Amino acid sequence: MKTILSFAEIDAGMLAEVGGKAANLGELTGAGLPVPPGWVLTTEAYRRVAEGLDTGGPAPAERARRHLLEAPMPEDVRAAIAGAYRELGDDVPVAVRSSATAEDLPFASFAGQQDTFLNVVGEEALLTAVRRCWASLWTDRALSYRESNGIDHAAVRLAVVVQEMVDARVAGVMFTANPVTGRRREIVIDANPGLGEAVVSGAVNPDRFRFRDGRVLERSAGDKALAIRAVPGGGTERVETAQGELCLTDDEVRRLADLGARVEDHYGAPQDTEWAIDAAGTLWLTQARPITTLYPLPETTRPGLRVYLSVNVVQGVMGPLTPMGVAAVRLISAGGAGLAGNAPADPLDGAGFVAVSGERAWLDITAAVRSGPGRAILPRALTLGEARAVSIMQGLFEDPRLAPARGSVRPFLRRFLRFAANLRLPVRFWVALTSPRRALAHSVAIGAELDRRLRVPASATPAQRLDHAQYVLARLFPLIIRIMPTAITGYALYALSARLSGVPLDEMSDVLRSVPHNPTTEMDLELWHLATRVEPEPFRELPVPELVRRFQEGELPPVAQREVTAFLAKYGHRGVAEIDVGVPRWSEEPGHLLGVLANYLRMDGGLTPAELFEKGTREAKRRIGELAARAGRRARWRAPFVRWALGRTRHYAGLRELPKFYLVKTLAGVRRSLFAVGEHLVGLGVLDRADDVFFLDLRETRAALKGGDLRGLVAERRTTHERERRRRHVPRVLLSDGTEPEALAAATADPGALTGTPASPGTVTGTARVVLDPHGAHLEPGEILVCPSTDPGWTPLFLTAGGLVMEMGGAMSHGAVVAREYGIPAVVGVPDATHRVESGQEITVNGAAGTVTLS
């Protein structure tokens, strides 16, 4: 293997040998782009010097660095470096840059994790810089970055790029997509006099430029308080150079933008580049890597700018869905589209308004945004469950590219009328207004019908199980949506009562405390009552894994074994991220549930959840009396009407959770059946494990019944799934040009303010507990839960929480509803709450004002 390679010899296939940065420079040279001449010392040289490297025991990074700095360099490597350097000329200044094999990956750029040495002059200085580059593979920051991205330390090696220095008049960084808003093809340039290191290291406030569609959109002058310049004979110096004028002309910005577009076209993806312009005005490209922080765009064949709403964010599931989870969403959506007369030709394709990106589901809501009726309905619908999206929608309505389309009203009304007719909306509303008994009986009957549909004979073949899964999922939405007219009637009467009493909606939320007929609240209260009946000793004394083992082997004390088994028989279909059919349920993995029980049994003092629920009921009735009295002072007839209307509201509001309860019950039933299919495929040798079936879709699973080997495909998809699980940021709204409207608005927001949507009244000061995943989470009584969002798998934690702060949701979202029922102050829709609040920090939550104050 060659030790030294010129950039022209490198292609993308040599990535493992030369590292990401060097391979990129090789491609750019081959593409005719202006890259300074140079060469790369391959990873083989690093491997030879690193032989015998001991990374076990304490302080592995320090020992590794010392080894690489002190171990003898093989003579042939030393000679190759010296020879390649002499070919550049006599004592030519060079940049010596690290290029690890794990660099510039699609999901991790490793930018700045290893070291660069600038203006290196002379053979001995070059050899020293090479050693220091090798050692930088083992800096503490590089180790931490690899661990956070799940990259094996032992599998990474390092090449060294040696590149002729550019005597830069001005240099900097250029992104070919806006890294803040996500908008593609919007060029963002940071520039500063001298070497680009001043910009890359963050040592200066550079000039900033934005360029799009042939125009310079922004010219922001930085203070440019210093420049880094090359020193004759080697090394660099920092020079104070505060300048008032911009360091790039509009023509230079256009030239840079053109270069950036060429680089992006070459790689087929947005790029993070470094560049320099020398004294002669020549433009040089010194580096290019993919921008790894951009959220991937949904694929679409529809023309024009599209608007997507995240199903995952709305449902509080920030992680990716499994392929089978996506297949289930598509199939369920096909049933929903059929109600409006837009059923797809093949239900497995899903509705045309469903898209997938980043292993997550998205709704294309462009038709609603671009129609008058849609603009009236959409913000009101989002207010109930995703209030932060309302202001985003209002901003989109002002975008001329999304102006209402001509002739959009008639198609919208036609689809709505067909939907209303199929759902028998007028009849459902009338029954809800006139007969609560019949309305509730109808909801119970839907549950009974669902149970009947979910029955699968034990003798069913794998093919029959797939037929049954497709049948149930395709018909699920038209069945469970029949409950919503009753719940909507309750909320409509709530809004009408606010108008009649003259009280703003955000001051009426006490009415919605402790509402009946909410299956999630009923589940949580049953779990609390269970905790009062079981033998406490094992839960207080044993770790959760041991509790799980004893339960699964029937070794818990008799009452605990019987009660937990009974609870799981009724609610075992629930779980965290439960909208994904590929996710285990409590009945499969009861550790979370048993851990919550242990938390309950540690509670000492204060009102019990059952007592809080009763207190909430009394306060709601008292509030109804006050509102009726206020309405009566406006007109006598309004008092009895408001009392009647809010009584209906309380009767029906809890039904909001019932469709999801039935949805998750269906997914759990389908999951059991698909698991049996997975076991069959293991027997055929197609899969390694039964749960591998959830990394196939329904078409692939049916084809797999004929045999074959899908283990490689499953392994690849599991890797992708795990990579996506590490993604921390998922937009709630995304445009097809990559723009995140919320990020666009946040650029002008007050960075110190923590404000959201009022969700549950009251004020509490306590210790914050940031929880990203409820599995194994421990919440001391009175701590304030700070989390991305919640689904019913989270709500057992509410019983010990003193308050709630959520990044997602609206006043009628799941977390807000349950917080009100438990009487804990809550604020939802708080941007970046899990980043801006730290565990252990004292915070004050004002649930009426919608504010979170950091102490």
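Reader: Which residues touch the most other members of the largest nonpolar core?
Author: This is a predicted model, in which local features need pLDDT of at least 70, side-chain atom pairs count only at pLDDT 80 or more, and totals for chains, interfaces and linings use all residues. Residues are numbered from 1 along each chain as its sequence is written, and side-chain values use heavy atoms, with hydrogens and water left out. A nonpolar core is a set of buried Ala, Val, Leu, Ile, Met, Phe, Trp, Tyr and Cys residues joined through side-chain atoms within 4.5 Å; buried means under 20% relative accessible area, exposed over 50%, partly exposed in between, with a 1.4 Å probe and protein chains only. The largest core has 94 residues, and the members that touch the most others are F539 and L804.

Reader: Which helix gives the largest share of this core?
Author: Helices (H or I, at least four residues) and strands (E, at least two) are DSSP runs, numbered from the N terminus. The largest share is 9 residues, and they come from residues 658-684, helix α28.

Reader: What does F539 touch, not counting residues up to four places away in sequence?
Author: Contact means heavy atoms within 4.5 Å. On that basis F539 touches V534, L547, L556, A560, L594, L597, A598 and L601.

Reader: How many residues are in the second, separate core?
Author: Its members include M73, L126, W138 and V162. The count for this second core is 36 residues.

Reader: How is α15 oriented to α16?
Author: Axes are lines fitted to C-alpha atoms, for helices over the stretch in contact, and angles run from 0 to 180 degrees between N-to-C directions. Helix α15 (residues 409-423) and helix α16 (residues 425-434) have axes that come within 6 Å and cross at roughly 55°. Angles under 35 degrees count as roughly parallel, over 145 as roughly antiparallel, 65 to 115 as roughly perpendicular and the rest as oblique. So α15 is to α16 oblique.

Reader: How many nonpolar, polar and charged residues make the contact of α15 with α16?
Author: From α15 come F416, A420 and L423; from α16 come L425, P426 and R428. Ala, Val, Leu, Ile, Met, Phe, Trp, Tyr, Cys and Pro count as nonpolar, Asp, Glu, Lys and Arg as charged, and the others, Gly among them, as polar. By class, the contact has 5 nonpolar, no polar and 1 charged residues.

Reader: How is α17 oriented to α28?
Author: The axes of helix α17 (residues 436-454) and α28 come within 11 Å and cross at roughly 10°. That makes the pair roughly parallel.

Reader: Which residues of α28 make the contact with α17?
Author: By class, this contact has 6 nonpolar, 3 polar and 2 charged residues. On the α17 side are S443, V444, I446, G447, L450, D451 and L454. On the α28 side are L658, Y662, K665 and T666.

Reader: How far apart are the end C-alpha atoms of α26?
Author: The expected span of a helix is 1.5 Å times one less than its number of residues. Helix α26 (residues 609-634) has 26 residues, so it should span 38 Å. The model agrees, with its end C-alpha atoms apart by 38 Å.

Reader: Which helices do the buried residues of α24 pack against?
Author: Helix α24 covers residues 558-571. Its buried residues are A560, Q561, E563, V564, F567, L568 and Y571. They pack against α21 (519-533), α22 (537-541), α23 (544-552), α25 (591-600) and α28.

Reader: Is R650 buried or exposed?
Author: R650 is found in helix α27 (residues 638-653). Among its contacts are V511, P516, T617, A620 and I624. With a relative accessible area of 9%, R650 is buried.

Reader: What is the phi of N119?
Author: Most residues other than glycine have a negative phi. N119, in strand β4 (residues 116-120), counts as buried at 4% relative accessibility. Its phi is positive, near 55°.

Reader: Is D213 buried or exposed?
Author: D213 also has a positive phi, of about 55°, although it is not a glycine. D213 lies in the loop between β8 (207-212) and β9 (215-220). At 67% relative accessibility, D213 counts as exposed.

Reader: How far apart in space are R212 and E186, C-alpha to C-alpha?
Author: R212 is in strand β8 and counts as buried at 16% relative accessibility. Its contacts include R183, R185, E186 and L217. R212 and E186 are 26 residues apart in sequence, and in space their C-alpha atoms are apart by 4.9 Å.
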